[in-house]
Structures are given as C-alpha cells and as structure tokens.
Amino acid sequence: MTRNRVPIWPDRLRRARKAKGLSQTDLGVLIGADVFRITSYETGKSAPSPNRLMQLARVLECEPSYLMQTDPDSFLLADLRMSAGLTAAEVVAKCVPLLGRVGVPISRPRLLRAERGELPASWTSPDARNRVQAVLAHVYGAPVRAVMDAWVLTLSRSEKSGDNIGSGKSSRSAVPASRPATTKAAKAWAALNDRQRTYLRVIFEEDQRAERRAERASANREPWPGCAMASARLLGAWGSPGRLHHDSGASPDGG
C-alpha cells in the first residue's frame, strides 16, 4: 500500500547524527524541523515524509535506503520512489515530458495504481512497460534493473494479497494449470522462486494479449486489393468460372 511516510530505523538515525557530531537541535535546524520532530523520529513515534527523508540523508551524508526499514533488495515501487525522496505528484511532473513524447500516458492515479500492483491498461504492452521502467529509473536515479525488480515484486505482492492487476483479472488465473508433479516442466516450475514465477506470468500474459490483438487485426483486415483486382481481371478474361473448366478440357459439371 502506498504510504505518505517512510518507516526508518531510529537507531540508525541516532548513530548517523552522532557520527556527524550533531545534537538533535542542530539536526532540526539543518532540515527545518524542531527538536521535538527529531526526537519523535529517533524514538520511532513518527516517520518522515519522502522529502524529509531525503533532507536527513543529505545532511547526514548517507543513503536514504540506509535509514529505511525496508531492505533495498526487497524494495517495492513505492519504496523505490520514497528512497528517491519524491512524492507521487513530483514523479509524475518529471515523467510527463519524457513519456508524453512517446505517447505513454502517466498520471498520479496511474502511478499509485502501479504501486499497488494494479497495472494501468496503457502500461501492459511490452513497449509501454519498458519505456515506463526506463523513465522511472532515470527519475529515481536508480538502475533500470532495480525498477524492474521492484516492479515484479510489487506484482507478486499484489497477487499474494489477492488484488487484481490490469484488466481486473488475476494473472495467476491466466496461467494454465500445472502438469502432474512427475513431469519435467512441473519440476522446473516448482524450482523457481516467486520473482521468477512472476516474470514468467507477466511474459505469458503479454504473449496472450499480443496474440489476441493479432487475431483481431487479422479478422478485421480487408483483403489485399491486389489479390481482388487480379482475380477480377482473370475472371473477366475467361468470362466465367465455368469457362475455366471448359477450356481446360473438363465440362463445368465435371464431365
């Protein structure tokens, strides 16, 4: 779930402050907060906002992730954003110029839905997904791989909690039932971890959507004009389909 506050380790904040030789009052002055706010952070009674977390990290000369309670290897999309010290609105403001030029829509509701593991329909195609991930990596100052991992973990967490993704159907239901445990495929599936299984589910869903789009496009496609014109000229030259049979040595009735 998206949070407006970032849980931090009180002890790490206290150690980092003392390592810089700062009192609680000094730290408060440097980040524009009163001493009571710093005390509440160091006792775990309250948590900073993403922007305040970034201020603390800059003053204490440490990474925001050092203060955060969430392990960076387990970052969800919301954690990754907050580690960059950004609100959802700030992320959208930075992403709109970059994604708008390639036709991928982004808005605060879309970003928050993605952080809940509910991918917007406009982000489900491989091309749109790759563009969004690349832009988020640029805005967060993180490797694209970190965004991809957070993306997959967010989807996986959503599946486990029973949330729906994208069109409202769980991606788990889109995966064919496993074969008996004695088969090689089932054993290979059982050996995968949650992240690997989620990657495969996402790829499987994208392939299905691509196939459905191709089928719809094929069903709605008009016959190639050249074929129709050639057929018309051929029939016009011979007069009728019956003429074709007759001139080839066979009568129209097959005699």
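A residue counts as buried when its relative accessible area is under 20%. The model is predicted.

Ile38 sits in helix H3. Setting aside neighbours within four places in sequence, its contacts are Gln24, Leu27, Gly28 and Ile31. Leu27 lies 11 residues away from Ile38 in sequence, and the two C-alpha atoms are 7.5 Å apart.

How do the axes of H2 and H3 meet? They come within 8 Å and cross at roughly 110 degrees. Angles of 65 to 115 degrees count as roughly perpendicular, and H2 and H3 are therefore roughly perpendicular to each other. H2 brings Gln24, Thr25, Leu27, Gly28 and Ile31 to the contact, and H3 brings Val35, Ile38, Thr39 and Glu42. By type, these residues divide into 4 nonpolar, 4 polar and 1 charged.

**Helix H1**

Helix H1 spans residues 10–19, and its buried residues are Pro10, Leu13, Ala16 and Arg17. Why do they share a side of H1? They cover an arc of only 135 degrees around the axis, which puts them on the same side. Lys18 and Ala19, on the other side of H1, are exposed.

| Helix packed against by H1 | Residues |
|---|---|
| H2 | 24–31 |
| H3 | 35–42 |
| H4 | 50–60 |
| H5 | 64–67 |

**The nonpolar core**

The largest nonpolar core holds 48 residues. Leu13, Leu27, Val91, Cys95 and Tyr140 have the most contacts inside it. Helix H9, residues 126–140, gives the most to this core, with 7 residues.

Which residues does Cys95 touch, leaving aside its neighbours within four places in sequence? Cys95 is in contact with Gly100, Ile106, Val135, Leu136 and Val139.

**Backbone points to check by eye**

Gly21 follows H1, and its phi is near 70 degrees. Glu61 has a positive phi of about 55 degrees, although it is not a glycine. Most residues other than glycine have a negative phi. Glu61 is placed in the loop between H4 and H5. Is Glu61 buried or exposed? Its relative accessibility is 62%, so Glu61 counts as exposed; the cut-off for exposed is over 50%.

Definitions and conventions
Residues numbered from 1 in each chain as written. Predicted model: local features only at pLDDT ≥ 70, side-chain atom pairs only at ≥ 80, totals over all residues. Heavy atoms only, no water. Core = buried A, V, L, I, M, F, W, Y, C linked by side-chain atoms within 4.5 Å. Buried < 20%, exposed > 50% of the residue type's maximum accessible area, 1.4 Å probe, protein only. Helix = DSSP H or I, 4+ residues; strand = E, 2+ residues; numbered from the N terminus. Contact = heavy atoms within 4.5 Å. Arc of directions from axis to C-beta. Axes fitted to C-alpha atoms, helices over the stretch in contact; angles between N-to-C directions. Parallel < 35°, antiparallel > 145°, perpendicular 65-115°, else oblique. Nonpolar A, V, L, I, M, F, W, Y, C, P; charged D, E, K, R; others polar.
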